[in-house]
Each structure stands twice: as structure tokens, then as C-alpha cells.
Amino acid sequence: MTLASYSAHSDDFPAARLRADFPILQRSVRGQPLAYLDNAATTQKPQAVIDAESAYYREINANIHRGVHWLSEQATAAHEGARERVRRFLNAREAAEIIFVRGTTEAINLVAQSYGRANLGPGDEVLITGLEHHSNIVPWQLTCAQTGAVLKVAHIDDRGVVCMDEFRRLLGARTRIVAVAHVSNALGTVNPVREMTELAHQAGAVVLLDGAQAIAHTPVDVQALGCDFYAFSGHKLYAPTGIGVLYGRRALLEAMPPWQGGGDMIRTVSFTGSTWNDLPHKFEAGTPHIAGAIGLGAAIDYVQRIGLAAIGAYEHELLAYGTALLGDIPGLRLIGTAPDKAGILSFVIDGLHAHDIGTVLDSHGVAIRAGHHCAMPVMERFGVPATARASLAFYNTHEDLDRLAQALRRAVEMFVR
Ligand code: PMP
């Protein structure tokens, strides 16, 4: 059977076999096999990605775009080949709409500083939601402070679902930008981003989607979504750290001023003024993370061989299994119970601090995250200082979740009873 033919039959999904592609998953931690359930923070890397990155340094390392020699041509071709892979992966119209950045955070700051500062004035509004990561809040606060614009928030309900009535109500004649997470990292909520984009466009606003937690879990088609900007980080998609993507519609990117100056982003420079390079280079000042981009291209090839629809179906089934297991732990409360969720189990346990949960799990070789997950307003909304969060990838198995549940029972026995 080819990997692509696993389709939506999660029973057939070869998670156990795919684990063998990830060297780190073979190692033990604290004397036990590693159950890695911190994938929302960062994913592990398959050998294919590690090899692609090291082959660049071993065989074709050179700076790109400017070189006239063979190595530079090879490196440039590999880097631009990665851009084309991203274009296809997102179904963008053209490779010039794919800007390489450090990650989601830098992508959002780019839009906030370039598009935001050029298009916002006093009294204009930026609309976000109550489940955003700090990196989709703070850049807008900075831009609002610089321009006199106002930040509006559509809040979430007790399940962690955005109140669409409030979202609709807040969209008005002054709304210029709507910036929304595709999937929440703290709760797992999948936002109805297509509908949100349509509503925002009807109000005349442009839409940025933060795809950090969606990109590895669901197929993303920027043309079908209709969004104006889409941001994601490579390291959440089995690719290296330090590389990410901002997709932007050409017409908007063309009209936006550069936000960082330096090499590669210019056409001409003189002491009286400079002119800008074509897209995407206008937004890529300086030597980029060439190896990272090549690694990202390899990661995209890797996940496409499995298929994101198959990955999403399998993870969905794992999530249901994990949700049922956690439901049986005494005193455990799930934070985030939206009907449409992806890959995240966030929870608190009566009488146990999230960090203590994390420490006990770690002693069992189970890696999760404890804290506010860079989403303090979400913690405030649920009245908790922190949650413990297990987050899934396609290489996780039912056994990983069994071990999570067993270790949680031990923690409750040790500390609560
Ligand atoms: N948005 C969301 C929803 C995230 O989960 C994250 C990473 N936790 C980010 C933005 C920021 O991503 P990065 O740190 O890779 O820039």
C-alpha cells in the first residue's frame, strides 16, 4: 500500500512505522521510551529533513542570489525550489507571494509593521479574538500605539469557541484588519476561518490567518480560504527552527512598504535614496536561513507523501481517544471543549499545579507542556494560572496516550489523595 492510499482510514494509519523516520523518537528519556506529546511547541524532525539540511552544508553551501559561481547557483536553485514547494503546499498563485521569514511571530510583525502602519490611522480598528497567541496580540498593540488605531476582541465562550455574534457585531466601517488563529494553541479550537474571512471582507477589512497550529494538521489552501495573509512556522511542520512563511496576496504585498532594509531587498541604492527589489525579495533583507528553507521543502515533501487529510483523520481519532481517557482521571478538567478541535488536550487537575503535573509526567518519559502557552488572556478567561497541555502529531500512538493517562493517575495518587 502506498502512503497516500491510507486516506481517511485511521485504523490503517502507519504511525508505528512512521516513527522509525524520526531518530529522536528512538531514544529513551529518564530511562523510559520517549512519549513526545509537546508537538504544539515544536515537532520532531524526520531523517529526510535532517539529511536535506546537512546535505546543503556538506555539498552546496554558498550564499544565494548574488553568486556567479556553481555552488551559489545550486544553493539558489535549492532555496527557490523550496519556495515553489511552499507555494504548491498552500496553493498560492505564485511563488512571489511566499515570503520566507523566521516564523509565525516574524510574519505577523511584518504585516503589522508594514501593512498596519501604512494603512491604519487614528480610530481605525484591528479585530482579533480571545484565543490568540501573544504573537497575534502584541504586534497589533504595538501598531495600534504607533498609529492611534484601536484593538478590538471577539471573546470566547466556556468551550473556547469564538462568539460569532460578537465577531459580527465588532466588524464595522472602521475595521481595517482582522487577525485570527486558524487553530488555537492553548485550546485546540478550530476557528471557522473561511466564514470569518468572508465576513471580514464584506466589512472591507483584510484578513491575516495565524496558521502556526493548523499547518501540520489540516490541508491549507489559501485561495479556497480567501485570506489575504497566512503565517506559519516551519518547526511546527517537522522542519527546522528559524524558518517560516508569510503568504500574502500579490496586490497587497506590492503596495506595502519594506519593513527591514538591507541587502537583497533593494534594486538600487544611493545616498539620496533607494529603490526596492521585486517580490518576494523586497521583504527578505539580508542572508536568509537557506538551510532552513531547504529543510522546510524536505518536510513538505515528507508530509505530502503521507497526506495531510490522512494525518488529520488519524490525529482526530487520537484526540477522541485521549479525550475519553482523560475524562476518567479523577479531578481532571479539560480546558477547551470546542466541537471542532485539532490536536490539543489542555487540562487542569484539582489540587495539582500544572508544573507539578509536567514534572511527574517527565519522570515517566512523557513530555508535555505546562504554563500559559503564550496565551495569558485564555488563562484569564478560564480563571486558571496555567494548564497542562498534551499536543499530538501523526507519530503519536494510542500507547503514548495510555502512558499519559497512567502517569496522570500516578500524579493524582501521589499528590491529591
Ligand atoms: N501562533 C500560534 C497559534 C502558535 O501556537 C505559535 C507558537 N506556539 C505562534 C503563533 C508563534 O510561533 P513561533 O514562535 O514559531 O514564531
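**Helix packing, domains and core**

In helix α12, Ile357, Val360 and Leu361 meet Leu404, Ala407, Leu408, Ala411 and Phe415 of helix α14, where contact means heavy atoms within 4.5 Å and helices are DSSP runs (H or I, at least four residues) numbered from the N terminus. This is a predicted model, in which local features need pLDDT of at least 70 and side-chain atom pairs count only at pLDDT 80 or more, while totals for chains, interfaces and linings use all residues. Residues are numbered from 1 along each chain as its sequence is written, and side-chain values use heavy atoms, with hydrogens and water left out.

The axes of α12 (residues 354-363) and α14 (residues 398-415) come within 9 Å and cross at roughly 120 degrees; such axes are lines fitted to C-alpha atoms over the stretch in contact, with angles from 0 to 180 degrees between N-to-C directions. The two helices are therefore oblique to each other, given that angles under 35 degrees count as roughly parallel, over 145 as roughly antiparallel, 65 to 115 as roughly perpendicular and the rest as oblique.

Helix α14 also packs against helix α11 (residues 308-327), and here the axes come within 10 Å and cross at roughly 20 degrees, so that α11 and α14 are roughly parallel to each other. On the α11 side the contacts include Tyr314, Leu318, Tyr321 and Leu325, and on the α14 side they include His398, Leu401, Leu404 and Leu408.

On the scale of the whole protein, the chain is divided into domain 1 (3-44 + 307-415) and domain 2 (50-304), with bounds that come from an automatic or database domain assignment. The centres of the two domains, taken over C-alpha atoms, are separated by 27 Å, and 40 residues of domain 1 are in contact with 35 residues of domain 2.

The largest nonpolar core has 109 residues, and those with the most contacts inside it are Leu90 and Phe394; a nonpolar core is a set of buried Ala, Val, Leu, Ile, Met, Phe, Trp, Tyr and Cys residues joined through side-chain atoms within 4.5 Å, and buried means under 20% relative accessible area (1.4 Å probe, protein chains only). Helix α10 (residues 290-306) gives the most to this core, with eleven residues. Because domain 1 and domain 2 both give residues to this core, it lies between them. Leaving aside residues up to four places away in sequence, Leu90 touches Ile98, Ile215, Val220, Asp221, Val222, Phe232, Val245 and Tyr247. A second, separate core of 28 residues includes Val101, Ala179, Phe229 and Ala231.

Terms used. Buried means under 20% relative accessible area, exposed over 50%, partly exposed in between (1.4 Å probe, protein chains only).
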